[in-house]
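Biologist: Before I rely on this model, I would like to go through its fold, its pocket and its charged pairs with you, one question at a time.

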Amino acid sequence: QLCIAGSDFPLAMVALLENERWIDDHSQPAVFVWYLTGAPSAAVANHGGPKLLTAAALDIAVALSLNGRAQGRLWLHADPGGRRGLLDWYSNRGLDPVAASVILPSSRLASRRNDGRYFQLTPQSAITVSNSMDVYRI
């Protein structure tokens, strides 16, 4: 979880599975983003937090995928509660939708049905997405 310095107030949270299998080749490793969220804007403003916190949490996941065994392979499922806006948010950050016809690797944690709300980064697109966040890094 990302917090304001000296505070326990969570600005964003990301939970990852580093030893997942890749969508296109189930024998290849990938990072699966299990959970990704930022604190509500009003709560962040009340605590003096910066903007783009959910994007920063996604950037952590991308960096982990690029620097680990996954070599940039990353995928996630957009929560249906996020409706169209969440799908657009992932697309606007450079993630590509996974075709609904793609058969997902089975999971030890939960059953997976491809409902068309999955997104992915390939090793090449992960570099592009990571580079797009360079302007925000110190």
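The questions and answers below concern this structure, which is a predicted model.

Biologist: Among contacts between residues at least 6 apart in sequence, what percentage join residues at least 24 apart?

Modeller: The protein has 138 residues, of which 34% count as buried. Its accessible surface comes to about 7900 Å², with 53% belonging to carbon and sulfur atoms. For the contacts you ask about, the share that joins residues at least 24 apart is 63%.

Biologist: Which strand gives the most residues to the lining of the largest pocket?

Modeller: The largest pocket holds about 370 Å³ of space, and of the 16 residues that line this pocket, those closest to its centre are L36, H77, D79, L86 and Y90. At least two lining residues come from each of β3, β4 (74-77) and α3 (83-92). With 7 residues, the element that gives the most to this lining is β3.

Biologist: Is Y35 buried, exposed or partly exposed?

Modeller: Y35 lies in strand β3, which spans residues 29-38, and together with M13 and W34 it makes a nonpolar surface patch of about 310 Å². Since buried means under 20% relative accessible area and exposed means over 50%, the 43% relative accessibility of Y35 falls in between, so Y35 counts as partly exposed.

Biologist: How far is G72 from A126 in space, C-alpha to C-alpha?

Modeller: G72 lies in the loop between α2 (53-67) and β4, and with a relative accessible area of 0% this glycine is buried. Leaving out residues up to four places away in sequence, G72 touches S65, L66, L121, T122, P123 and A126. Although G72 and A126 are 54 residues apart in sequence, their C-alpha to C-alpha distance is 5.3 Å.

Biologist: Why can D88 and R84 be described as about one helical turn apart?

Modeller: Side chains of opposite charge can pair when their charged atoms come close. D88 forms a salt bridge with R84, the closest N and O atoms being 3.1 Å apart; D88 is partly exposed at 31% relative accessibility, whereas R84 is exposed, with a relative accessible area of 54%. The two are about one helical turn apart because they are separated by 4 residues in helix α3.

Biologist: Is E20, the salt-bridge partner of R21, buried or exposed?

Modeller: In the salt bridge between R21 and E20, the closest N and O atoms are 4.0 Å apart. R21 has a relative accessible area of 24% and is partly exposed. The relative accessible area of E20 is 5%, and because this value is under the 20% cut-off, E20 is buried.

Biologist: Which residues are linked with D59 in a network of salt bridges?

Modeller: The count of salt bridges comes to 4, and one of these joins D134 to R137, with the closest N and O atoms 2.2 Å apart. D134 is partly exposed, with a relative accessible area of 41%, and R137 likewise counts as partly exposed, at 36% relative accessibility. The residues linked with D59 in the network are D134 and R137.

Note on methods: Residues numbered from 1 in each chain as written. Predicted model: local features only at pLDDT ≥ 70, side-chain atom pairs only at ≥ 80, totals over all residues. Heavy atoms only, no water. Buried < 20%, exposed > 50% of the residue type's maximum accessible area, 1.4 Å probe, protein only. Contact = heavy atoms within 4.5 Å. Areas by Shrake-Rupley, 256 points an atom, 1.4 Å probe, with all protein chains shown as cover. Patch = residues over 30% accessible without salt bridge, like charges linked within 9 Å, V, L, I, M, F, W, Y side chains within 5 Å. Salt bridge = Lys/Arg side-chain N within 4 Å of Asp/Glu carboxyl O. 1 Å grid on protein atoms, 1.4 Å probe; cavity = no way out; pocket = protein on both sides within 12 Å on 5 of 7 lines; lining within 4 Å. Points joined across faces, edges and corners; volume = space filled by probe spheres on them.
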